[in-house]
Amino acid sequence: MDAYAPRFDNRLRTLLPGDPETGPRRREVRGAAWSEVLPTPVADPTLLAWSPEVAGLLGFDAASVATADFARVFGGNALYPGMQPWAANYGGHQFGHWAGQLGDGRAISLGELVAADGRYWELQLKGAGPTPYSRGADGRAVLRSSIREFLCSEAMHHLGVPTTRALSLVGTGEAVVRDMFYDGHPQPEPGAVVCRVAPSFIRFGTFELPASRGETTLLAQLAEACIRRDFPALQGQGETLLGDWFAQIAVRTAEMVAHWMRVGFVHGVMNTDNLSVLGLTLDYGPYGWVEDYDPDWTPNTTDAQGRRYRFGTQPQVAYWNLGRLAQALSPLFADVAPLQAGLAAFQSTFVACTRRDAAAKLGLSAASDADLQLYQRWQQLMHEGSMDMTLAWRALMRIDPAAPDAAVLEAVYYDQARRQAVQAPLAQWLQDYAARLRDDPLAAPERQARMGAANPLYVLRNWLAQEAIDRAEQGDMEGVEALQAVLRDPYTERDGLAHFAGKRPAWADNRAGCSMLSCSS
Ligand code: AMP
Ligand code: MG
């Protein structure tokens, strides 16, 4: 191969037992954490998009990215020396119910790249063809969902939200058949492969599966490997170490979910197989961004009935999921006290993060309990008044503490009747907020800087993603590139980008992919 030759050290494979059988034959895999399986080559791997930031982390320059080899490797048709592909074994609770073995049904890890700075990055193709864990499905992914994963992972990173990253988006030149609405009308759609990048893709469900099977030795090996590989800063031994590790997972999960609540992200499928033990946002599927503020909103049509994964319940669901992880890990503990302490650490961390974010979003030096009430009253006003969450928060930056005026909120409403209904309580709230600002030690420029860094202006609104997808399906990648450029700097208002900071247009109200998303991807 020409150009850059990355170095690989596939620790997961050396630290953990693998499946003796190789290849994609669908099967139950017991006593093993991974199965060797190669990506299935595609007809015509074509690089459609890539992230210069992630390429830089990994050591690829623009010239290496432009080689035919790059598209072949990240489309699943070739390997760099040192890559040893595998699919990971895991289980999970889906919508509250234990689902047994799931595993990487369409994700294949290529290897762990060791960057020049010594950092390890696992490179994983999503949509690379069947694995032992594909069950009845094809192991492929469509272009629309791949664009959504590619754009959102990078957007979240630039928002400051812990997340897996995305290196590349490669078109396969092959069609994938999907029944987008599960209504008996399958359609061929263009296929694609995303290369996701993270220190690790280990999930809560990675531990739940061996625990459910009584495979305590494998469970202990997984815990030890995860600590060594992904939590090297943790010291100590035995149950103390395990307890500290679980507490770290809980703290990171709380921080991640607090960020989701701060920016208005709804994951959509918070099953335990989709929660990373590193506290990284993982598995971008039917996620969505809150527009008209509503804690009960879920983007996932599959979840429309129970609304288990709606915006406002994400912290509770994360806690419930940690409870499942604690249960899975309990055979490694003689005493459950450290696990209980970890769960308590989730609660206290989430409360602390919420207080920190409320202060920053409101532009206060710190938030007291009374300030938290002010914050909640504002959330209620956004909801009752049908305000666009992103635009409403940005509008607050323009409030003059000496003369607060609801006119700054002119452009944020979706429903005029609801707007009218909140004018009186809103006027009162603005008076209270302005009084609080006048009391605060922060000067106006600092206050605005603080608010501007906590309240993004540009987020990956579902309809913005859909516009880019519609163009990409016609062979035009400029919509994706434009979004990449906008979302790289989500907190800084720039000229000419009003479209990307717009309220949801009427055409998107009932358009698939905008107001509703299915798991079909
Ligand atoms: P998800 O809801 O996307 O996180 O997927 C849940 C499980 O279904 C995971 O084990 C996935 O690997 C598997 N899965 C989803 N889509 C496919 C597909 N097209 N082919 C094979 N497995 C899939
Ligand atoms: Mg998943």
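The model is predicted, so to speak of local features a pLDDT of at least 70 is needed, side-chain atom pairs count only at pLDDT 80 or more, and totals for chains, interfaces and linings use all residues. Residues are numbered from 1 along each chain as its sequence is written, and side-chain values use heavy atoms, with hydrogens and water left out.

The protein is assigned domain 1 (7–204), domain 2 (213–359) and domain 3 (366–439), with bounds that come from an automatic or database domain assignment. Taken over C-alpha atoms, the centres of domain 1 and domain 3 are 43 Å apart.

Where does ligand 1 lie? Both domain 1 (7–204) and domain 2 (213–359) give residues to its shell, so ligand 1 lies between them. There are 16 residues around ligand 1, and Gly103, Gly105, Arg135, Gly139 and Asn274 come nearest; a residue is near if one of its heavy atoms lies within 4 Å of the molecule. By class, the shell holds 2 nonpolar, 6 polar and 8 charged residues, where Asp, Glu, Lys and Arg count as charged, Ala, Val, Leu, Ile, Met, Phe, Trp, Tyr, Cys and Pro as nonpolar, and the others, Gly among them, as polar.

An N or O atom in the side chain of Arg135 is 2.8 Å from an oxygen atom of the ligand, and for the side chain of Asn274 the distance is 2.9 Å. A polar side-chain atom of Asp283 lies 3.5 Å from a ligand oxygen. The protein covers 80% of the 480 Å² of accessible area (Shrake-Rupley method, 1.4 Å probe) that ligand 1 has on its own.

Key. Chains lettered and ligands numbered in written order. Polar contact = N/O pair within 3.5 Å; in protein donor to acceptor, adjacent residues only side chain to side chain.
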